[in-house]
Amino acid sequence: MSLEPIAFAALGAVVLASALAVVLTKNLFHSVLYLALSLTATAGIFLTLDAEFLAAVQLLLYAGGVITIVVFAIVVTERLVGDRITQTSRHLVNGGLVAGALLIAVWGVVRSVPLPLARPPLPGDVTRAIGEALLTRFVLPFELLGVLFLAALLGAIYFARPDE
Amino acid sequence: MGLQGYLMLAGALFAIGLFGVITRRNTIGILLGIELMLNAVNINLVAFARFNGDPAGMIFTVFTISITVAEVALGLALVILIFRVRRTVIADHLDILRG
Amino acid sequence: MTDVGTLALTALLLPAAAFLLLSVAVPLRRSGRPAAYVSVLFAAGALSSAVRAWWGSTRGGFSLWLWPWIPMEAGPLTSLGVLADADSTLMLVLVAGVSFLVQLYSLGYLADEPAPSLGRYYTYQSLFAFSMMGLVLAPNFVQLFVCWELVGLCSYLLIGYWYQRPEAARAAVKAFWTTKAGDVGLLIGIVLLYRQAGTFDFLQLLELVDAGRLPLAGLGVITFCIYLGAVGKSAQFPLHVWLPDAMEGPTPVSALIHAATMVTAGVYLLVRTAWLFDKTPEVLEIVGWVGAFTALLAATLACVQSDIKRVLAYSTVSQLGYMMAAIGAGFASAGFLHLLTHGAFKALLFLGAGAVIHAVGSNDIFAMGGLRRAMPQTFIVFLVGTLSLAGIPLFGGFFSKEEILGAVWVGGLGIPFAMLALAAFLTAFYMFRVVFIAFFGAPAAPGHGAPGGPGGAAHPHDAPASMSVPLWILALASVAIGVGFAVKHPEAELAAPAWITPLAVALALGGILLAWLTYHRRAIDAGRLSDAFALVRDAAANRFWLDDAFLVIYRRVILGFSRLVGWIDRYLVDGVVNLLSAWALGAGDRLRRIQSGQPQDYVYGVALGVLLLIVWFRWLA
């Protein structure tokens with residue numbers, strides 16, 4: 001029995017279980033922690049797909065950066081409120097129905113179309129291929145991404161200025 | 001594991017994220033649901049990239065991760081600003097657009 | 001020599017130009033007398049063109065001018081134009097002549113009117129002249145009908161000229177409604193005829209009828225419907241009720257419209273389409289009977305009136321009945337001849353009455369008296385008119401009236417003949433009753449009778465030149481016609497029995513004698529005379545309850561129907577609309593809850609949409 005299906009099954013289970021925990025826990029801080037777990041397991045999924053570079057990026061940016069930002073935001077608002085924010089959810093049945101229906105629809109589509117089972121051989125060094133493509137085929141979106149970051153930075157500074 | 005499994009995993013993750021967006025009361029909780037949905041998209045992209053042999057999917061993933069980071073930063077900044085003005089993070093209270 | 005059609009067209013367009021000028025150039029119209037001069041000038045031009053057109057047609061001139069109006073694939077549906085033949089140009093002369101004289105007369109009669117009102121009056125007069133001429137010269141039914149309606153409009157406007165008086169306003173509306181009832185019939189008849197024949201044009205229809213290509217089935221209904229229009233316009237029983245009330249208008253208007261021109265439009269219509277009516281003798285019989293009955297009815301009503309204009313109005317109704325009776329007997333030319341002579345002397349009588357009213361200040365003949373000495377000129381012209389109406393030889397109406405009596409006898413309508421004979425006797429009687437009461441005897445005591453007209457003086461005197469010149473012209477015309485016919489007998493269309501003429505003269509003289517004995521000599525007591533006919537007199541005083549019958553019909557039937565329709569409109573039609581709008585509002589109220597302002601709800605909506613799209617594309621498309 002090969003390692004791969006087991007790894008996939010385990011990681012997949014972790015991803016989904018922690019995701020469910022994210023949306024169902026009452027404590028917001030616990031939700032964030034479960035999100036971190038889900039993102040880390042996703043990095044593992046990437047590894048099973050031979051995308052090492054992306055796994056690293058996922059861990060760095062997502063599980064590192066995004067979680068940090070969210071935690072800070074909770075801390076800031078939580079402190080301002082003064083106590084733990086307990087959450088309840090609204091329209092559970094409606095949301096569950098729609099999400100469930102969407103899930104069934106997507107699964108139905110996926111199952112009805114023949115999809116490849118075997119992976120083609122790796123085209124050499126994937127990371128190298130990504131780097132080259134980023135600066136040749138996708139150089140324009142790459143540069144625009146820089147512009148986007150600049151805009152986000154300016155926006156963040158503008159938002160963060162103190163009230164005068 | 002074939003492509004089908006990865007796609008079903010991504011689909012399930014997307015549905016869970018959607019459920020979170022629709023049901024959560026706290027604005028930050030809604031943002032967490034959005035994170036899950038974007039994560040599912042990333043899994044999709046990488047799986048397709050691997051099974052088609054084209055690294056373009058992975059490059060897209062790099063882009064989406066970058067943009068998601070920027071979006072989360074600004075989104076949370078907005079949440080904090082709204083909190084300063086309206087003294088609430090409960091999404092139900094932000095209904096000025098009510099018709 | 002200019003073409004007859006051009007001359008007729010000029011006569012038609014000159015009043016139209018006057019009307020347009022006066023209606024557009026508001027300062028000119030408001031200035032009063034200058035507007036009047038403009039209108040009179042154009043009317044004079046129209047008269048000269050009309051006379052020349054008629055002169056040309058007597059020398060065999062004939063003209064048909066058409067301009068296509070409503071286009072259709074196979075030629076125009078109908079045209080506008082001018083059909084100038086002997087009949088129409090003769091009628092044109094009558095219309096233009098009386099119109100010109102009346103406008104001239106109005107300069108004096110309405111001298112006291114405020115300037116803007118006077119301008120309005122002459123604008124309406126010009127419009128009327130144009131409409132009537134357009135009717136006379138119409139080459140097809142459509143133009144005839146359009147001008148017919150225009151003439152009715154002008155009648156309404158002119159009867160209600162003093163619209164501040166409620167009686168005048170009511171009379172104008174009554175005239176409009178009553179003639180409209182007949183006009184509906186006319187329109188139906190025209191449309192039915194078009195359905196049968198495929199054309200509106202008179203000449204084409206004449207061709208069809210002569211060639212026998214017009215199916216006779218249903219033609220009776222058509223001609224009867226057309227006759228209904230004449231019933232309304234020419235005041236035949238039972239639609240005669242508007243004409244006496246129309247006397248609320250100024251006297252020149254009564255002379256023009258309700259004596260010489262508009263009311264004769266119905267007679268003219270029947271004369272114009274005589275070739276059509278000849279094919280339906282049963283309808284002609286109805287025309288004859290109704291005409292004779294109207295003549296007698298109106299004559300009896302005239303005997304009990306004390307308002308001089310009312311007497312003349314009923315007299316007009318009676319004479320119109322004469323004309324219709326002649327047409328009904330099958331001799332349309334006799335009716336047409338009487339139309340022309342009657343136009344002259346009835347206009348004369350009305351204008352003379354106007355002079356009297358202007359001088360005395362009242363319409364009541366019992367407020368007058370001894371005017372023979374106070375207004376000698378007016379007395380002479382009025383006497384000329386009365387003798388013409390009574391049918392004395394050497395005066396205008398004698399020959400035409402005799403022709404009608406002969407025509408009705410030869411046409412085989414026995415009882416109508418008797419009715420007409422009795423009406424002739426009564427005509428002479430009531431006209432001379434007026435003459436003896438108003439012009440002879442002692443002047444009435446001051447304060448007797450209510451003031452009815454403009455002006456008014458303690459010492460009546462003859463009218464100014466602007467009023468007396470038209471009077472003399474018309475008087476001379478009446479005498480000229482009378483003498484002319486006596487000298488040069490036109491070839492008789494019918495061979496009347498020889499005893500008709502003496503009978504006619506005897507009836508007239510008998511009526512005059514009775515009036516002389518009763519109202520001048522006082523040999524017969526007027527009270528006892530009227531008591532002898534108490535039943536008829538009382539019925540006549542109530543106008544035979546016809547007006548009351550119409551009022552009841554109006555109140556119960558028409559207004560009741562209107563109320564029903566109004567109820568349906570308010571509750572059913574509006575109800576449906578209101579219901580729909582209430583539904584829309586209710587739906588909007590309920591649907592606005594989708595706009596909750598919560599972004600999560602909108603995400604929910606988006607997710608639903610995506611779900612539906614997936615389902616549709618995957619499984620349903």
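Q: Is the crossing of helix 4 of chain C and helix 11 of chain C right-handed or left-handed?
A: The crossing is right-handed; this term applies if the near helix is turned clockwise from the far one by less than a right angle, and left-handed if anticlockwise. The model is predicted, so local features need pLDDT of at least 70 and side-chain atom pairs count only at pLDDT 80 or more, while totals for chains, interfaces and linings use all residues. Residues are numbered from 1 along each chain as its sequence is written, and chains are lettered from A and ligands numbered from 1 in the order in which they are written.

Q: What makes helix 4 of chain C and helix 11 of chain C roughly parallel or roughly antiparallel to each other?
A: Helix 4 (residues 86-109) and helix 11 (residues 251-260) of chain C pack at an angle of about 165°, with their axes 8 Å apart. Axes are lines fitted to C-alpha atoms, for helices over the stretch in contact, and angles run from 0 to 180 degrees between N-to-C directions. Angles under 35 degrees count as roughly parallel, over 145 as roughly antiparallel, 65 to 115 as roughly perpendicular and the rest as oblique. Helix 4 and helix 11 of chain C are therefore roughly antiparallel.

Q: Which residues of helix 4 of chain C meet helix 11 of chain C?
A: Helix 4 of chain C contributes Leu94(C), Val98(C), Ser99(C), Val102(C), Tyr105(C), Ser106(C) and Tyr109(C), which meet Thr251(C), Pro252(C), Ala255(C), Leu256(C) and Ala260(C) in helix 11 of chain C. Two residues are in contact if their C-beta atoms, placed from the backbone, lie within 7 Å. By class, this contact has 9 nonpolar, 3 polar and no charged residues (Ala, Val, Leu, Ile, Met, Phe, Trp, Tyr, Cys and Pro count as nonpolar, Asp, Glu, Lys and Arg as charged, and the others, Gly among them, as polar).

Q: How are helix 14 of chain C and helix 15 of chain C packed, at what angle and with their axes how far apart?
A: Helix 14 (residues 281-303) and helix 15 (residues 308-328) of chain C pack at an angle of about 160°, with their axes 7 Å apart. That angle makes helix 14 of chain C roughly antiparallel to helix 15 of chain C. The crossing of helix 14 and helix 15 of chain C is left-handed. Their contact has 17 nonpolar, 7 polar and 1 charged residues.

Q: What makes Ala235(C) count as buried or exposed?
A: A residue is buried if 20 or more other C-beta atoms lie within 10 Å of its own, exposed if 12 or fewer, and partly exposed in between, with C-beta atoms placed from the backbone. Ala235(C) has 32 C-beta neighbours inside 10 Å and therefore counts as buried. Ala235(C) lies in the loop between helix 9 and helix 10 of chain C, and its phi is near 55°, a positive value in a residue other than glycine. That loop, between helix 9 (219-233) and helix 10 (242-245), also holds Pro238(C), which a cis peptide bond with omega of about 0° joins to Phe237(C).

Q: How does Asp50(A) count, by its C-beta neighbours inside 10 Å?
A: Asp50(A) has 15 such neighbours and so counts as partly exposed. Asp50(A) is in the loop between helix 2 (28-48) and helix 3 (52-81) of chain A; its phi is also positive, near 60°.

Q: How many residues of chain B are in contact with chain A?
A: In chain B, 57 residues are in contact with 75 residues of chain A. Helix 3 of chain B gives the largest share of the chain B side, 21 residues. The residues of that side divide into 40 nonpolar, 13 polar and 4 charged.

Note on methods:
Helices (H or I, at least four residues) and strands (E, at least two) are DSSP runs, numbered from the N terminus.
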